[in-house]
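Please consult the sequence and the three-dimensional view while reading.

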Amino acid sequence: MKQISILGCGWLGLPLAKTLITKGNSINGSTTSENKLSILKDAGINPFLVEIEEKEVSQNIDSFLAKSEILIIDIPPKLRAVDPNSEKKAFVDKIKNLIPFIEKSTVEKVLFVSSTSVYSDDNGFIAEETIPNPETESGKQLFLVEKLLQTKSKL
């Protein structure tokens, strides 16, 4: 049995958490919505209200990551919600702000859920060798986060 934290129990994270529980794992799951905490708890997930911003992270992030071997980051860039006049790297900055908490935790492996938007629309077939070439702002930020996480030795 592994202790796994899933940052973002939305349309993908919640069913993933449920599946991992059936395999005997203990799951910490996060949401940004208080009314969703009971849904997570009813599913057998240890629920946490976690907010990650460009300049701060919820105080309970340490509890959320505590004793976890694996962290699955499954949060969208949500760039449509960002003020168009604000800095374009909001999502990248959020992940940069999260990294020190991961590095000081017990997490040994990080899985980042990205998107095919890191590839251009004209690529057609995508294979392991396909070189990313994001065209959208969300694709660009997802790709930057992928590269950022890959450069961290503990992650």
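This is a predicted model: local features need pLDDT of at least 70, side-chain atom pairs count only at pLDDT 80 or more; totals for chains, interfaces and linings use all residues.

**From fold to surface**

Glu-54 is located in the loop that runs between strand S3 (46-49) and helix H3 (61-65).

The overall layout comes first. The protein chain contains five helices and five strands. Followed along the sequence, these elements give the pattern β-α-β-α-β-α-β-α-β-α. Of the 155 residues in the protein chain, 41% are buried.

The interior is considered next. In soluble globular proteins, nonpolar side chains tend to be buried together. The largest nonpolar core of this model has 26 residues, and the members that touch the most others are Leu-7, Phe-64, Leu-71, Ile-73, Ile-95 and Leu-98. Two or more residues of this core come from each of H3, strand S4 (70-73), helix H4 (90-103) and helix H5 (137-151). The greatest contribution is that of H4, which supplies six residues.

Attention now turns to charged side chains. Two salt bridges are found in a search of the whole structure. One joins the side chains of Lys-2 and Glu-69, with an N to O distance of 3.6 Å. Lys-2 belongs to the segment before strand S1 (3-7) and Glu-69 to the loop between H3 and S4, so this pair ties together parts that are 67 residues apart in sequence. Lys-2 has a relative accessible area of 39% and is therefore partly exposed. Glu-69 is likewise partly exposed, because its relative accessible area is 25%.

Asp-62 forms a salt bridge with Lys-104, and the closest N and O atoms of this pair are 3.8 Å apart. Here too distant parts of the chain are linked: Asp-62 lies in helix H3, while Lys-104 lies in the loop between H4 and strand S5 (109-112), 42 residues apart. Asp-62 counts as partly exposed because its relative accessibility is 38%. Lys-104, by contrast, counts as exposed, because its relative accessibility is 56% and the term applies to values over 50%.

Which residues form a negative surface patch? The patch consists of Glu-51, Glu-53, Glu-54 and Glu-56. Glu-54, from the loop between S3 and H3, has a relative accessibility of 34% and so counts as partly exposed.

Notes
Residues are numbered from 1 along each chain as its sequence is written. Side-chain values use heavy atoms; hydrogens and water are left out. Patches are made of residues with over 30% relative accessible area and no salt bridge: like charges are joined within 9 Å, nonpolar side chains (Val, Leu, Ile, Met, Phe, Trp, Tyr) within 5 Å. Accessible areas come from the Shrake-Rupley method with a 1.4 Å probe; for residues, only the protein chains shown count as cover. A salt bridge is a side-chain nitrogen of Lys or Arg within 4 Å of a carboxyl oxygen of Asp or Glu. Lys and Arg count as positive and Asp and Glu as negative; His and the chain ends are not counted. The place of a charge is taken as NZ of Lys, CZ of Arg, CG of Asp or CD of Glu. Helices (H or I, at least four residues) and strands (E, at least two) are DSSP runs, numbered from the N terminus. Buried means under 20% relative accessible area, exposed over 50%, partly exposed in between (1.4 Å probe, protein chains only). A nonpolar core is a set of buried Ala, Val, Leu, Ile, Met, Phe, Trp, Tyr and Cys residues joined through side-chain atoms within 4.5 Å.
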